[in-house]
Amino acid sequence: MSLRTMAWAEAVTESARKQTRPLPPPRNTTYLPPHLRYSGGGGDGGGYSSYGRGSSESTQYGFGGGGYRGGGRSGPGRDGGRGGRGGGGGGRSRGWVQTPRPNREAFHDVSGKFEQLKVREGDDVGNVGINFDAYEDIPVEASGEDVPVPASTFGEIDLGECLNNNIKRCRYVKPTPVQRHAIPIAMAGRDLMACAQTGSGKTAAFCFPIISGVLAKCVERSQSNGDGWTAFPRALILSPTRELASQIFEEAEKFAYQSGAKVAVVYGGAPMGQQLRDLERGVDILVATPGRLVDMIERSRVSLKMIKYLALDEADRMLDMGFEPQIRKIVQRMDMPPPGARQTLLFSATFPHEIQRLAADFLKNYIFLTVGRVGSSTDLIAQKVEFVRDMDKIEHLCGLLKNQRDNETHGKLALTLVFVETKKGANQLENWLSRNGFPAIAIHGDKVQMERERALRLFKCGTTPILVATDVASRGLDIPHVAHVINFDFPKSIDDYVHRIGRTGRAGKSGLATAFFSEKNQPLAKALVELMKESKQEVPNWLNDYAEQSLSYGGDQSQRYSSSNFGGYDVRRSENYYGSGSNGYGDSSVGAAAATCNDVSGSYATGSFGYGGNYGNSSVDEPAASYNGSYGGETDAAGTAGSSSFGNYENIVAGGWD
DNA sequence: GGGCGGA
């Protein structure tokens with residue numbers, strides 16, 4: 001992985017090597033509690049590179065400041081890496097190089113490290129510039145038993161000094177709505193199912209409590225066994241894609257900086273070697289994609305026995321048809337402690353009811369939190385839907401791209417993200433565009449990891465301002481400066497649509513999303529229309545017609561595709577959830593009540609929701625009372641759009657749902 | 001259809 005450019009890190013890593021300080025504990029070390037680890041700091045300072053924000057990656061289009069160093073970075077080739085070329089502390093292997101990790105001991109000039117976070121002129125810093133006005137309109141709703149009181153500042157949350165310092169270094173001024181609510185909930189030890197928008201600080205919302213919790217308690221995190229060693233992480237964060245795992249890892253590392261909490265990431269497509277070495281050095285918080293994690297567990301390199309925190313990012317994705325068996329295996333069939341013995345945090349922007357019901361298997365007495373769409377600011381993403389026949393798509397795309405080319409701002413070509421349905425289609429479109437004078441590159445799951453990361457990198461820095469992507473890039477990825485998202489192939493579900501368009505309009509900047517719609521997409525028309533209306537978008541007449549037709553088709557597609565009122569609704573409110581006696585809820589009681597914001601009244605009497613029944617016929621959900629009020633203590637609402645180099649917030653005002 | 005392990 002090397003999704004970020006790391007001029008500083010390379011320098012620092014070099015410098016770290018020169019330190020005489022021994023490497024962190026190899027196997028079988030005597031235990032050192034977290035707060036005593038890495039207390040020293042003899043080394044040069046450094047700066048965290050902003051992730052993909054162009055801190056050091058410049059481009060022909062001018063994003064970023066420094067020079068683009070295509071060469072020396074981790075060319076994840078299958079040629080190198082594995083053999084541990086360069087040996088010991090020596091040079092970086094030419095092949096796979098894990099994110100050049102700053103050796104924490106090497107730092108003492110922390111400020112220098114964080115000074116480099118934001119480098120582009122004109123960028124806002126931290127969340128200072130976030131349009132908090134937009135927050136005030138966000139409906140927030142929390143349901144469950146004894147909902148903890150939200151916090152209005154980071155200060156009133158006891159995250160510990162180290163984390164507080166890092167929050168300051170990140171220049172987070174105040175928590176976003178999801179953070180205000182989710183962090184106290186998580187800090188209270190409660191399980192959580194949270195719907196939150198893209199960039200609303202979701203990653204931080206689960207990372208802060210996890211890091212804090214890991215630091216609070218000392219445990220052995222690695223021990224030897226007959227076959228070598230086994231890592232015992234205390235927290236596990238799962239992601240549906242490698243690139244997202246990488247991104248989360250980088251965020252988490254920043255938050256955990258100098259805390260002593262060790263973060264590691266494992267995912268497929270990269271040689272095991274470096275990842276194993278990272279694990280061997282000890283890991284408290286493990287970020288992973290499911291496949292590689294299972295692999296490592298089966299090799300006894302990872303045990304989940306000590307897991308106290310489990311977070312699923314893009315949780316609805318993780319629990320849908322394709323991923324659910326793997327997740328179930330990891331969570332239920334390995335050595336992971338059961339619900340109640342661990343804390344489980346599920347985050348996503350979209351949470352279909354079926355998935356919520358599934359997810360109940362993994363939770364105990366959880367709180368359902370939803371941070372709704374920003375009504376007044378979703379229009380920051382202008383959504384266009386155009387009727388285009390399949391045969392005309394390319395031509396149409398050309399027109400849009402040419403238009404885009406004329407619209408460059410400040411000499412920078414706007415980034416355009418083109419979503420297609422298939423990997424083959426992505427390749428074809430990439431080729432066609434390239435041959436016809438459009439600088440395009442594709443990313444999809446059939447490319448080797450090196451190519452995937454290269455594509456993302458070249459796109460981010462503007463060298464190749466057109467990225468053709470499958471849904472591998474639709475969720476969670478923070479790609480700044482995407483001016484235009486084009487749904488070349490209309491997505492299969494409205495949730496996918498929401499995630500895809502959420503790649504633009506970030507950082508409070510305006511974004512454009514254009515979708516090509518044809519007859520075969522008709523089943524989604526109604527949901528699309530509802531979504532657009534909700535986002536205050538102008539709906540073309542022909543699309544309205546389609547939507548009405550789909551009504552008469554009788555299929556109840558719309559119900560499941562539509563995003564209910566504001567995106568999330570606690571299924572436990574459905575009477576049938578507990579009802580339908582055949583499902584074996586002996587202990588179930590209570591339907592649901594919602595606690596809204598500071599009102600801590602909601603209650604659920606049940607404990608865990610062992611769910612094994614079928615929910616084919618879910619009830620119609622009554623809309624819940626929502627709360628649009630101001631959050632306690634929310635006063636400094638002003639601000640302009642901001643973009644944190646930590647990928648936080650940027651879309652809170654944009655209406656994406658991540 | 002897409003994404004999730006390597007051998």
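Two strands pair here if DSSP finds at least two bridges between them, and the strands (E, at least two residues) and helices (H or I, at least four) are DSSP runs numbered from the N terminus. With that in hand, welcome to a predicted model in which six strands form an open sheet and 24 residues surround DNA strand B. Local features need pLDDT of at least 70 and side-chain atom pairs count only at pLDDT 80 or more, while totals for chains, interfaces and linings use all residues; side-chain values use heavy atoms, with hydrogens and water left out. Residues are numbered from 1 along each chain as its sequence is written, and chains are lettered from A and ligands numbered from 1 in the order in which they are written.

**The open sheet**

- The strand order is E11-E16-E15-E12-E14-E13, with parallel pairing.
- Strand E11 (381-387) and strand E13 (440-443) are the edges, each pairing on one side only.
- From one strand to the next, the twist averages 20°.
- E11 pairs with strand E16 (residues 511-517) in the parallel sense over seven bridges, and Lys384 has Thr514 in E16 as its bridge partner.

**Helices on the sheet**

- Helix H14 (residues 423-435) packs on the sheet and touches strand E12 (415-419), E13 and strand E14 (466-469), where contact means heavy atoms within 4.5 Å.
- The direction of H14 makes about 170° with that of E13; axes are lines fitted to C-alpha atoms, for helices over the stretch in contact, and angles run from 0 to 180 degrees between N-to-C directions.
- Helix H16 (residues 494-501) also packs on the sheet, touching E11, E12, strand E15 (482-487) and E16, and its direction makes about 155° with that of E15.

**Around DNA strand B**

- Among the 24 surrounding residues, the closest are Gly269, Arg292, Gly322, Gln326 and Gly445; a residue is near the strand if one of its heavy atoms lies within 4 Å of it.
- Sugar and phosphate make up 77% of the atoms of DNA strand B that come within 4 Å of the protein.
- Helix H9 (residues 290-298) gives the largest share of the nearby surface, three residues.
- That surface divides into five nonpolar, eleven polar and eight charged residues, with Gly counted as polar and Asp, Glu, Lys and Arg as charged.

**Atom pairs with the DNA**

- Phosphate oxygens of DNA strand B lie 2.7 Å from a polar side-chain atom of Arg242 and 2.8 Å from a side-chain N or O atom of Arg452.
- Gly322 places a backbone N or O atom 2.5 Å from a base nitrogen of DNA strand B.

Methods:
Polar contact = N/O pair within 3.5 Å; in protein donor to acceptor, adjacent residues only side chain to side chain.
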